[in-house]
Amino acid sequence: MPRMNLKPGRKDLDRKATFKRLMKYVFHTYPIHFVVIIICIVICAVGSISASIFMPKFIDEVIQPGIKNGFDSVKDHLVFLSVSLGSMYIVSFIASAIMNQLICVVTQGFLYKMRIDMFSKMEKLPISYFDRNAHGDIMSTYTNDVDAIRQLISQAIPQFLQTMLTVTFLFGMMLYYSLWLALVVVVSVYFIFMVTKKVGGGSAKYFMKQQKSVAVCEGFIEEMMNGQKVVKVFSHEEQAKADFAKLNDELEGNAYKANAYANILAPIIHNIGNILYVVIAIVGVILYTNNAINVHAFGVNTLTVGVAVAFLGMSRQFANSFNQVSQQINSVVMAMAGADRVFQLLDQTEEVDDGYVTLVNANIDEDGNVTESDEYTGKWAWKHPHKADGTITYTELKGDIRFFDVDFGYFPDRLVLHDVSIYAKPGQQIALVGATGAGKTTITNLINRFYDLADGKVRYDGININKIKKADLRRSIGIVLQDTNLFTGTVKDNIKYGKLDATDEEVYAAAKIANAYDFITRLPDGFDTMLTGNGSQLSQGQRQLISIARCAIANAPVMILDEATSSIDTRTEALVQKGMDGLMKGRTVFVIAHRLSTVQNSNAIMVLDHGVIIERGDHEDLIKQKGTYYQLYTGAFELE
Ligand SMILES: Nc1ncnc2c1ncn2[C@@H]1O[C@H](COP(=O)(O)OP(=O)(O)OP(=O)(O)O)[C@@H](O)[C@H]1O
Ligand SMILES: [Mg+2]
């Protein structure tokens, strides 16, 4: 059973609109396949009723005359009818084979495209999207929701279409053969509809609930697995078991109702079909034995045995068709909810990048004149086209970053930074210190333009960063993030993430700078050791060293080190510090550290408190001031 995370999508889920959009999407992906499939479905529907078309002919034109006048009299007609029926079956078999293959192509191809579209979209979304949405939910869109759509496209829709066509054709034939008998069928269809609506609707409702419960249970199990140590430390095993039992109860209740409803539907429809069969038999016999006038599409005649028998077969097929459609209700409901969530993701507003200042290779002469170069020169410049007069100016990339009265909040109504001004000249090391939650990481998020300012300005080499193309801006900044992220791949791959075309020598050099070289060479496969699960086989500090190496290899003129040395023991820290001093030389560096020993050598230290810079200066100045920094440094703060 596919798991669906039914965090209810939009309340006003408009199934019709979603369905239309989904079909349009499929059609645009495979227009020709789509049309051929529809043609094949029509052929298959005709094929499925061909027995009913031929039945009256066999009985009335071959069997009965054959009994009366001997076999030879009907031999040719029998051959003709058999060959015709056989040909219809063959054609419909071929159509069905083609259809199934095409459905396979369309479904898998469509899902492939859908996943690509979703992933491409995801890569364009702003960081704030990931703040707002639980990662598990986004993940389940790729797995459960897409799978629900697969079931819809590959099974529910083709079956539904074919059944509807079959039913329509059957009904047309019934009208053609006998109006009275067709009326009997209409009455039974009415009952089938009512039952399907009532029971099927209930089943779908509980199916959604069941899936929601499954998701909640899975979430709980996942959390308990991750937190197993905490559970044990606090002896919460019994509590965890009780909590799980409660969730499991709910799952059981919903699953029971969903399946109970679903399981009644089929037998009810089946039995309405049985009653219909009997009623048709009775009415047929009455009509036939009384030589009653039979009204049909083209006039009036008497009912033949062949028609009566064919009707029995048709009524059975009719009921079975409805039964099949009713079985698809759940997957349609689930797929619509899934499609809705996929479309919600695809409709998200993308991160806008209207920056037009780009980073180019540059030649710089002794007088400081900058010219653009097509080749790698080791020097970089900002290429700034001026819309007003069509001129282009080049500014050397130096790494001068200044904040002017910046205000910012993750939510418009709650500012996190107030009036922040920071001047980081090229080559300077600026430290941001302050209590947890003060806004240190937030400042670095703004340099990257992960978020947009509420007010104020940030200038990079004198250029407003809003004018700089985001990709180029980010390329010029190396970051060691507060929480390390390593990807599945070798240690070497992970370091190369900072510079994809790096040579092995560059990787080793970067590892040496970060002081990661020694421990990496001691790993089972050295630099080729596979890392999985965010590098879970490494210690926290080792992971941090690898991410420092990844930043080092990028060789960017501006670096941000957010708590880069927080998980490293003091002895290693001193070593890393030494390496990093080399790395920092000639670069503008923002360091964030709780351990003040690591920021002492900074050119300027900004002390943040609730998003406001309350003190600034170098270590000596701040100690002399005997303010917050002094308290933080001497530990007085914590002791208070
Ligand atoms: N993604 C986010 N969405 C909403 N609020 C956030 C987000 N990230 C941080 N905040 C809030 O912004 C404030 C500043 O957070 P920030 O991460 O900048 O603190 P910090 O100084 O880096 O703290 P720490 O030393 O613990 O890393 C906090 O009050 C925090 O709750
Ligand atoms: Mg932080």
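Me: Why is Thr529 called buried?

Reply: Thr529 has a relative accessible area of 8%, and a residue is buried under 20%, exposed over 50% and partly exposed in between, with a 1.4 Å probe and protein chains only, so Thr529 counts as buried. This is a predicted model, in which local features need pLDDT of at least 70, side-chain atom pairs count only at pLDDT 80 or more, and totals for chains, interfaces and linings use all residues. Residues are numbered from 1 along each chain as its sequence is written, chains are lettered from A and ligands numbered from 1 in the order in which they are written, and side-chain values use heavy atoms, with hydrogens and water left out.

Me: Where does Thr529 lie, and what does its side chain reach?

Reply: Thr529 is in the loop between α15 (517-521) and β14 (530-531), where helices (H or I, at least four residues) and strands (E, at least two) are DSSP runs numbered from the N terminus. Its side chain reaches the backbone oxygen of Gly526 at 2.7 Å, while a polar atom of that side chain lies 3.1 Å from the backbone nitrogen of Asp525.

Me: Why is the pair of Phe220 and Phe244 called stacked?

Reply: The structure holds 22 aromatic pairs, a pair being rings of Phe, Tyr or Trp (its six-membered ring) with centres within 6.5 Å, stacked if the planes are under 30 degrees apart, edge-to-face if over 60 and tilted for the rest. The centres of Phe220 and Phe244 are 6.1 Å apart and their planes stand at 25°, so this pair is stacked. The pair links distant parts of the chain, since Phe220 belongs to helix α7 (residues 179-226) and Phe244 to helix α9 (residues 237-289), 24 residues apart. Phe220 counts as buried at 15% relative accessibility, whereas Phe244, at 28%, counts as partly exposed.

Me: What makes the pair of Phe408 and Tyr451 tilted?

Reply: Their ring centres are 5.7 Å apart and their planes are at 55°, so the pair is tilted. Phe408 is in strand β7 (residues 401-408) and Tyr451 in the loop between α11 (440-447) and β10 (455-460), 43 residues apart. Both Phe408 and Tyr451 are buried.

Me: How do you know which protein atoms are donors of the magnesium ion (ligand 2)?

Reply: Donors are N, O and S atoms within 2.8 Å of the metal (3.2 Å for Na, K and Ca), and sites may look incomplete because water is not among the atoms. Thr441 (OG1) and Gln482 (OE1) lie 1.9 to 2.2 Å from the magnesium ion, and they are its protein donors. They come from distant parts of the chain, Thr441 from helix α11 and Gln482 from the loop between β12 (477-480) and β13 (489-490), 41 residues apart. Thr441 counts as partly exposed at 27% relative accessibility, and Gln482 is partly exposed as well, with a relative accessible area of 39%.

Me: Why is Lys626 called exposed, and what is its phi?

Reply: Lys626 has a relative accessible area of 55%, so it counts as exposed. Lys626 lies in the loop between α18 (619-625) and α19 (628-634), and its phi is positive, about 55°, although Lys626 is not a glycine. Most residues other than glycine have a negative phi. Asn555, in the loop between α16 (540-554) and β15 (558-562), also has a positive phi, near 55°.

Conventions: A polar contact is a pair of N or O atoms within 3.5 Å; within protein, one must be able to donate a hydrogen and the other to accept it, and residues adjacent in sequence count only if both atoms are side-chain atoms.
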